[in-house]
Amino acid sequence: MRPKALLICGYFPYPEAFGTSLRLRAVADALSDSHDVGLIVVNEMPPGDDEVSACRERFASVDWYRTVQNAGSRGIANKVRRALDTRWIQGRDALISEADRAALEAAVQGAAVTWVHSLRVADRAGVDLWPRTVIDVDDLHSVKFEQEADLAASRGKSLQHRWTASLWGRWERDAMRRFPVAAVCSPDDRSRLGRSPSEIDRIAVVPNGFETPVSDPERSFEDSGTLGMIGTLRYHANVDGLVWFCREALPRIAERRPGVRLRVIGRLPDGGAPVHDDRIEFLGYVDDPAAEMATWGASVVPLRIGGGTRLKILDAFSRRCPVVATPLGAFGLGAESGHELLLAEDPEAFARACLDVMCDPELARGLTDAGLKLLRERFDWERIKPAIREAASKAAGS
């Protein structure tokens, strides 16, 4: 019999393909070479029948544990204790029931290795110490809240974000006590998480990746007058970037290019579209965006908040779609402005970069050739899976 592995996460990785689900699929595929992989999802929303059936086709077992609001996270006294005692994980956010926690801990004890995606999921499980487990910290929340503080509209809001960032920083650093091995997306994140050489030795760099096309996609680089953006709008960082782009950069582009359109792929939040502009079309979730992205003059990634690395950029590279991004949007990829993509931070420079790539077919062609080459050489999932297996092996032997 093959040994058992567990993947514990906050999302069902099938059938929808989005940034986190693609990473979860790659982890499961890498572990399945030598293990029977079971899936445990910890979240607040009941799964759809399509999610359960799609995952049962691909995993040895599928379980779901529902979280409920945790009374321990409320009240001044509990908040003070949470700030002072990093080990009091029951004071954070939401929790699963005690019966579910016992079942989950039994499953972990019976597994040869466990991969937990995100510290938040680990905390919602209510478990402190995780034997033979890799904690996948593909986003550092402390970094994101520091970025929120820098962008805050008021001093009070800025201080609130910095306080939350300090809490997350302590929880993230404490993860090296709770887990034998951690995985992060970039060497920079490894340096932030590890405090000593021995800790850094237990942190694996597992970048986000993307499936490389077998052959070079054919594409026209004639100016279409259309820009695009891809990313769920149920994620605050994507909404912030979209609003910034539409308020600050899009009007500048429209002044010099009347008739320009922005088409956005990604699920809308429950409240509907976050911006209203006749130049913007919201397409919702698109199962296969290839045909849509082939019509874009550029894919814009105007992020000002976030950690990890951007699958949306790798997605564009795989389809030979030119990319214009903020430096943060391209963080962790090692892509060079003017080589694989164009980088710009202020609204005027971002608008100018969009116009340059839309109106210069040779520039666009050169960027996409280099972007596809970078994807194949460094970010194809098959090149990354050995790092997943090595991290899991180290955890299993701990």
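A: We begin with a definition: helices and strands are DSSP runs, a strand having at least two residues, and they are numbered from the N terminus. The model before us is predicted. In it, Val-184 is found in strand 8, which covers residues 181-184.

Q: Is Val-184 buried or exposed, and which cut-off decides?

A: A residue is called buried when its relative accessible area is under 20%. Val-184 has a relative accessibility of 0%, and therefore counts as buried.

Q: Which residues are in contact with Val-184, leaving aside its neighbours within four places in sequence?

A: Contact means heavy atoms within 4.5 Å. With those neighbours set aside, Val-184 touches Arg-23, Val-137, Asp-189, Arg-190, Leu-193, Ile-203, Ala-204, Val-205, Val-206 and Pro-207. For Val-184 and Arg-252, they are 68 residues in sequence and 37 Å in space, taken from C-alpha to C-alpha.

Q: How is the packing of two helices described?

A: Two packed helices are described by the angle between their axes and by the distance between those axes. Helix 6 (residues 141-151) packs with helix 7 at an angle of about 170 degrees, and their axes are 8 Å apart. Since angles over 145 degrees count as roughly antiparallel, helix 6 is roughly antiparallel to helix 7. By class, this contact holds 4 nonpolar, 6 polar and 5 charged residues. On the side of helix 6 the residues are His-141, Ser-142, Phe-145, Glu-146, Glu-148, Ala-149 and Asp-150. They meet Ser-158, His-161, Arg-162, Thr-164, Ala-165, Trp-168, Gly-169 and Glu-172 in helix 7.

Q: At what angle do helix 3 and helix 7 pack, and which residues meet there?

A: Helix 3 and helix 7 pack at about 50 degrees, with their axes 10 Å apart. That angle makes helix 3 oblique to helix 7. Arg-82, Ala-83 and Leu-84 of helix 3 meet Trp-163, Leu-167, Arg-170 and Trp-171 of helix 7. The classes in this contact are 5 nonpolar, no polar and 2 charged.

Q: How is a pocket read, taking the second largest pocket as the case?

A: One considers its volume, its lining and the elements that supply the lining. The second largest pocket holds about 330 Å³ of space. It is lined by 13 residues, of which Arg-82, Asp-93, Arg-120, Trp-168 and Trp-171 are the closest to its centre. Helix 3 (76-84), helix 5 (119-124) and helix 7 (155-178) each supply at least two lining residues. Helix 7 gives the largest share, 5 residues. By class, the lining has 5 nonpolar, 1 polar and 7 charged residues.

Q: Which backbone values deserve a second look?

A: Most residues other than glycine have a negative phi, and most peptide bonds are trans. In this model, a cis peptide bond joins Tyr-14 and Pro-15, with omega about 5 degrees. Pro-15 sits in the loop between strand 1 (4-9) and helix 1 (19-32).

Q: Where are Ser-118 and Arg-132, and what is the phi of each?

A: Ser-118 lies in the loop between strand 6 (113-117) and helix 5, and its phi is positive, near 95 degrees. Ser-118 is buried, with a relative accessible area of 16%. Arg-132, in the loop between helix 5 and strand 7 (133-136), has a positive phi of about 50 degrees although it is not a glycine.

Key
Residues numbered from 1 in each chain as written. Predicted model: local features only at pLDDT ≥ 70, side-chain atom pairs only at ≥ 80, totals over all residues. Heavy atoms only, no water. 1 Å grid on protein atoms, 1.4 Å probe; cavity = no way out; pocket = protein on both sides within 12 Å on 5 of 7 lines; lining within 4 Å. Points joined across faces, edges and corners; volume = space filled by probe spheres on them. Helix = DSSP H or I, 4+ residues; strand = E, 2+ residues; numbered from the N terminus. Nonpolar A, V, L, I, M, F, W, Y, C, P; charged D, E, K, R; others polar. Buried < 20%, exposed > 50% of the residue type's maximum accessible area, 1.4 Å probe, protein only. Axes fitted to C-alpha atoms, helices over the stretch in contact; angles between N-to-C directions. Parallel < 35°, antiparallel > 145°, perpendicular 65-115°, else oblique.
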